[in-house]
Amino acid sequence: MSLFDIAYILTKIGFCISFLSNFVLIYLTIFHVKQVFVTYKRMVVYFAVIGILFAGLEVIGRPFAHNFNGSLIFFSSSKLEVPHELLLLSISIWGGFYSLIIAFIAVQFVYRYLSLFGTKAAKKFDGYGTIVWGLYPIIPGAIYTYAFHIFCVPNGYTDGYMRNEILSTYEFNISEVPRFLMVPYDSDGHLRIESLQNISVDLFLVCSHYFIIIYCGLGMHFNMKKELEKFSVPQQKLQRQFFKALVIQSLGPTIFLVLPAAPVLLTPVVAPLLGMEVHWKTGWLFSLIGLFPPFDSVAFMLIVTEYKKIIKKKFLKQEPEVPKDPSTTALSVRMNQKNISHLLRFLSDFLSDMLPFETAGVFTKTGFCISFLANFILIYLTIFHVKQIFITYKRMVVYFAVVGILFSGLEVVARSFAHNFNGALIFFSSSTLNTPQEILLLSISIWGGFYSLIIAFIAVQFVYRYLSLFDIKAAKKFDRYGTIVWFLYPIIPGAIYSYAFFYFCLPTEYTDKYIRNEVFTTYGLVVSEVPRFIMAPYDSNGHIKIESLQNITVDLFLVCSHYLVILYCGIKMHFNMKKELKKFSAPQRKLQRQFFKALVIQSLGPTIFLVLPAAPVLLTPVVAPLLDVQVHWKTGWLFSLIGLYPPFDSIAFMIIVAEYKKVIKKNLEMSSRKHRDQKNAGILRKCTGHDTLTVNEAYRENQRDVSKALKSLGHETAENRGAHSQVHHCRPSHHENAHCLEMSRLHEKLKNASSSEVVQKIEMEMYEKGRKFNECRSPPNRYDLHYLTVNVAVKYALEVVEKEKKEKKHKEILLVTGNGNRSINGVAVIKNAILRDLGWLGYCTTREDPSNPGVVLVKFK
């Protein structure tokens, strides 16, 4: 299954989920919801319809993207038999929906802002005003779409820039697909004016509407309490829900549309400036973008209470809760006998809220399994197979992989969970193991200390790589006894970080009291019964506590000081690498560049999966009281995502350092060859009746050639057994050698061709020589496509199949394409093109020959 097919399956799943969730939202909004006014109802329906259209256009256009150095191609992978112009229009309109969606969210923010601060102005959105706000978002969407057709239309220069990259990566001719291309720089490195105009238009359309969203959002946030006093109590609650829903709706396109698209669009501008080589299949992001429409619609129904009530009543058949009299509730709080009912209610809430712990536990265990497998493979390959990496760096790679396994393993044991409540953060263990609280406390504190240990060790690796480039003598100090120093050093900041938990965050009577009710109502837990650390930076008078200040200072120093080392070494290496690498041999230069890229990715791993998720969790208790923001966040779910970090780093390292890929590929080929040998030996045993030992000896002596082995074993009818027993590994004859030399000469001509007319002339000559060569060969149902270009091979194969179909001489023919061992990156371009193009024919089936991967078998129906 190709990458396009996988992306298409995900796209179709996304469309189905999007259609279902948005249809439910539209149905409930039109026929059941009463509290939402007519104008806002129309906006909700409008936004849901946009979501369905957006997901539907993705299914039709099948947009895909690829970044290559200073260029970006945006093309359709659709297999629909429609004109290219329609597919171009579909993917450009799909791109225009980015701007349309953000523009409409800005319209909703303006409407809600005016509903709070200017009732008369808000009424302008009713009546004929509906037409205005309904049509307005289409304008920036149309401009965005039009910009594609004006500034990104392919030409000779842009197609030439991307042609070889697309052919080697996706095995198709760039001129055959509906596409838009953005190549910001010309051949002299100057910025092309059309690219500058395109980027300017895109940035203006997105940023101007985000400015409106932020302005109105902040205006509502800081003045909502005062303005809501004009409304009734139910309306105040409803207005707050609308505001929360609107904020979430603005986060949806930001997370699923803008943030994924930003690096894709900006890389062609930035990569040439930084001297980066880019080969990114960024099209898979579009299948994730399909998550946006259901995210927004489901979030809206969860936040606005009336939707939940209708769903419970109409679909789940649950009776609505009878509201309690406030005086009775107040009295029940004071009466001891009524406290039992409260406890029972809390216990039921606790049981219903057990799912997050269990779900997080499943994710954590899954993360550990993936982490263990990925890091074990990395350790095994590094120790037993990789030769180009020196001993010291081998130890560092193994050390880092072991740290990843221990980190994810400790997470399984400790099952750490966190909760933010206003000016406090509780960090506790949700483990169900029958172990003392002290051990669980120790495990979650050590697990927390791994944050600092990992960052410190990445800093050590940056220093080592920096010295390997600029001061080889100093780098040698990392060998021998130096190994003990760099091995032990990261443990020190890790231990300090862990000790800071015990010294500054142990619970006290004040901190337990502060968070007791919140933990009980949210999780049904008695705070004194769980292993916990609590950070409450302020005392009861609102003054910052000295131990909290010390804890924050220690944590920031440990992380920031090592990041400073990483940044300094990384920047110095980046800007001076080209000059310093002249000291090394060509293979070593290539290897050093791979190590640097791997190190950058390894520093991004903990930054994305550890530091960035943890920063808001740790800083909220300090910031929330200053901003007078109420916080009730179940932040523990982040820790299940943190488990993605260890496999991310190890897999990225193996992908970037070429020797790992070669070793893995070699082992897979050996496994494949072993499987093929076993299969061929089985065929020989079945055909000849000889024992396994005799068959294996004959197979090896005849250099794994099944036909020769059959003959040596006295099976004379081997040549009449069909296509599978034909000889595929014959020694080349004089005629074949002459043909090879002639085709090589034509390939050299093709490289130096000055125009498309010359290329066509050479390919025509190549086609004629290939046809004559095959007419002189035996057997008659075997056609050799070696030495042909992809276009010529596909053309010749199609003609051969048509001819064989008409003559009906053979039920099966062989097309010899080769394994692609001499092709770019080892990709069998001709074979894959043949399988793809002949696969569309309805009167025959094509497949790879099981006994020889370099042959395509075509069987007529």
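## Strands β11 and β12

Strand β11 (residues 844-849) pairs with strand β12 (residues 852-860) in the antiparallel sense over six bridges. Two strands pair if DSSP finds at least two bridges between them; strands themselves are DSSP runs (E, at least two residues) and helices are runs of H or I, at least four residues, both numbered from the N terminus. The hairpin that joins β11 to β12 runs through two residues. Thr845 has Lys859 in β12 as its bridge partner.

## Basis of the model

This is a predicted model, in which local features need pLDDT of at least 70 and side-chain atom pairs count only at pLDDT 80 or more, while totals for chains, interfaces and linings use all residues. Residues are numbered from 1 along each chain as its sequence is written, and side-chain values use heavy atoms, with hydrogens and water left out.

## The four-stranded sheet

An open sheet is formed by four strands in the order β7-β6-β5-β8, with antiparallel pairing. Its edge strands, each pairing on one side only, are β7 (532-535) and β8 (632-633).

Within this sheet, β5 (residues 416-421) and β6 (residues 424-429) are paired in the antiparallel sense over six bridges. Phe417 has Phe428 in β6 as its bridge partner.

## Helix contacts of α17

Helix α16 (residues 391-414) and helix α17 (residues 437-470) have axes that come within 10 Å and cross at roughly 160°. Axes are lines fitted to C-alpha atoms, for helices over the stretch in contact, and angles run from 0 to 180 degrees between N-to-C directions. α16 and α17 are therefore roughly antiparallel to each other (over 145 degrees; under 35 counts as roughly parallel, 65 to 115 as roughly perpendicular and the rest as oblique). The residues of this contact divide into 22 nonpolar, three polar and two charged. Here Ala, Val, Leu, Ile, Met, Phe, Trp, Tyr, Cys and Pro count as nonpolar, Asp, Glu, Lys and Arg as charged, and the others, Gly among them, as polar.

The axes of α17 and helix α22 (residues 546-580) come within 9 Å and cross at roughly 25°. α17 and α22 are therefore roughly parallel to each other. Their contact residues divide into 18 nonpolar, four polar and three charged.

## Helix α2

Helix α2 (residues 38-61) has 24 residues and reaches 34 Å from its first C-alpha to its last, close to the 34 Å expected at 1.5 Å a residue. The expected span is 1.5 Å times one less than the number of residues.

α2 is mostly covered, with 19 of its 24 residues buried (under 20% relative accessible area, with a 1.4 Å probe and protein chains only). Just after α2, Arg62 takes a positive phi of about 45°.

Technical notes
Buried < 20%, exposed > 50% of the residue type's maximum accessible area, 1.4 Å probe, protein only.
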